[in-house]
Amino acid sequence: MAANPNSASSSKHHKSINLSGASPLEDMGEKLEKQVDPFGITTSMLNAQAAWLMHPQELSRVMTGLSGDLLALQAHVMRRALGLPSEDVVRPHEDDSRFSDPVWEQSPTWDIMKEWYLAMTHRLEDMYFETPGLSDKERRRAAFWLRKWLNAVAPTNFFWTNPVALRKFVESKGESLARGMENYLKDSQSGTVRMVDEDAFKVGVDLATTPGQVVFRNRLVELIQYTPTTAQVYKQPIVIVTPWINKFYILDLTAKKSLVRYLVEKGFTVFITSWKNPTEDMSQVTYEDYVTEGVHEVMEAARTICKVPQVNAVGYCIGGTTLTAYMAWANRKFGSADKVPVSSWTLFTTLTDFSRPGDIEVFVDPASVKWIEDSMAKKGYLDGKEMMSSFRMLRSNSLIWHYYVHSYLYGEPLAPFDVLFWNVDSTRMPYAMHSYYLREMYLNNNLVKKDALTIGGEAIDLERITQPLYAVTAEDDHIAPWRQCYRIRKYVSAPTRFVLSTSGHILGIVNPPVNPPKRSYWVGEPERGENIERWEAAAEKRPGSWWEDWVQWLVPKSGALVAPPKPHKDFPALAPAPGTYVLEP
């Protein structure tokens, strides 16, 4: 076919519209979203609504179900209005304490309000989870933001629709609301809905009180060695790699809750990392630095001080993910298992496969990561308050609205809760490190891909890890879902003892033995690649704390009982525990 001789000349004089690319309106919308809605809150909900409109048959089915609920509710309302007994049509979920006061059942007026709210909430949430025509991830994202909005408009969050707030107002002759206003003004100054008073505890006085010394310090980390309390200790020490997204003392809270103290009293020499809270000048500190200058250096220090070739290593949360990367790095770098500085390792609520990271995935997609990176680039770090706000949003009812209601509507003082105090004692994330972690772990899931990551000159392959593993997860963990944590069994060659504890990300780990037992756990030793259903069917449920089972697992891997290690000339005491880094703002 002959070319059109006028096409070239016409293109010089006339600007055509490029229909293959995004329209100017779409470009403007994308730019606006990046500035106003970087996490796609509005977009995800609009996508879900559009998807339902494009599937009228499915929408009709859902509306039929909703109509059934409304008819049942109408019958319930009429019976309650006439003073007749009637079973609730919809009940709160087991973990929903918003309507726990008896007035929500005893009073027909308040019961009707509760029932209408719950019926609409449960039906809408189910509807969004089942949205046709969207990917699983986009459905979960839309349902997440819908749930946050529904949580925000709950009748319990407003004075005139909260019977408990009204009752307290009358009983206190208005004092409850006056105290609530005082609490609100204090929170306005701090810029958040506070969960605990900032002066409730003092680190080193009320918390983190187990005696010890800082025996190593570099630009990233202090290593604390705890003072032995037994005449003899196991020759091989325990080195705990804590997460740097919070401060280390979650494992050394009060004396009764301290895992560190428990291990010391069982005859172990215990070391723990206390990471420096990064400042602007540390913006270019990398994830590789945390592995080589952080994890590897503290392993070497502990080996030298205790005069042993290997240690037992422990990693918690992001500390566990990094310990996993270190184990793969060390197995390749040192060649044979007996030369690796670690002979056994333990993971606490640790993700290694990030393909389904739970609710947190709503904050981690290319657009939101780019927005976070742009924000970090301006300051050199991610502010700890920003990360804490994201984690609180994951459980907005219990971590935001609960405190909103009790502080502002009820006028109650903040309870001095040690775990909450630790939770708000937030830390910052260096720009380069956090950008790498978000992209390589969450977006690309490269840790579990053979040789996809290179750290310290070594390609990372989890299959090289052969050292025995003890992996602890938590049943109600919303940060590291236990079923996803279980997937490490697919990738490592190591014999594994897998534990599922009751409770969540923190209290599933801070879980000291008590009598009578408050919690329980399941334990089993799955074969590599064994599916999770088979592990669940075979796992043994035990009452009490997994701490006791873990110690039994550690003892035969920790060598003979010997005299406690003497101070080492190359690692003198630099400061008493809890050290200096933990006290930096």
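Start with the salt bridges: this predicted model holds 36 of them.

**Stop 1: a pair inside one helix**

Select K114 and D111. A salt bridge joins these two residues, and their closest N and O atoms are 3.3 Å apart. Where do K114 and D111 sit relative to each other in helix α6? They are three residues apart in that helix, which covers residues 108-129, so about one helical turn separates them. K114 has a relative accessible area of 2%, so it is buried. D111 is buried too, with a value of 0%. Buried here means under 20%.

**Stop 2**

Show the side chains and follow the links.

**Stop 2: a bridge across the sequence**

Select R140 and E361. Their side chains meet in a salt bridge, at 2.5 Å from N to O. Is E361 buried or exposed? Its relative accessible area is 8%, so E361 counts as buried.

**Stop 4**

Next, select D353 and R487. Here too the side chains meet in a salt bridge, with an N to O distance of 2.7 Å. The two residues are 134 residues apart, and they link distant parts of the chain. D353 lies in the loop between β7 and α13. R487 lies in the loop between α18 and α19 (488-491). Compare their cover. D353 is buried, because its relative accessibility is 1%. R487 is partly exposed, at 30%.

**Stop 3: a serine in a strand**

Go to S343. This residue lies in strand β7. Its relative accessible area is 17%, so S343 is buried. How far apart are S343 and E265 in space? The C-alpha to C-alpha distance is 22 Å, while in sequence they are 78 residues apart.

**Stop 4: negative charge on the surface**

Select E94, D95, E475 and D476. These four gather in a patch of negative charge. Zoom in on E475. Its place is in the loop between β12 (469-474) and α18 (482-485). E475 has 38% relative accessibility, so it counts as partly exposed.

**Stop 5: a nonpolar patch**

Stay on the surface and select W149, V153 and F158. They form a nonpolar patch. How much accessible area do W149, V153 and F158 have together? The total is about 310 Å². Pick out F158 in the loop between α7 and α8 (163-171). F158 is partly exposed, because its relative accessible area is 42%.

**Stop 6: step back to the domains**

Zoom out and colour by domain. Domain 1 covers residues 37-156. Domain 2 is assigned as 210-354 + 412-581. Where do their centres fall? The C-alpha centres of domain 1 and domain 2 lie 41 Å apart.

Notes
Residues are numbered from 1 along each chain as its sequence is written. This is a predicted model: local features need pLDDT of at least 70, side-chain atom pairs count only at pLDDT 80 or more; totals for chains, interfaces and linings use all residues. Side-chain values use heavy atoms; hydrogens and water are left out. Patches are made of residues with over 30% relative accessible area and no salt bridge: like charges are joined within 9 Å, nonpolar side chains (Val, Leu, Ile, Met, Phe, Trp, Tyr) within 5 Å. Accessible areas come from the Shrake-Rupley method with a 1.4 Å probe; for residues, only the protein chains shown count as cover. Lys and Arg count as positive and Asp and Glu as negative; His and the chain ends are not counted. The place of a charge is taken as NZ of Lys, CZ of Arg, CG of Asp or CD of Glu. Helices (H or I, at least four residues) and strands (E, at least two) are DSSP runs, numbered from the N terminus. Buried means under 20% relative accessible area, exposed over 50%, partly exposed in between (1.4 Å probe, protein chains only). Domain bounds come from an automatic or database domain assignment.
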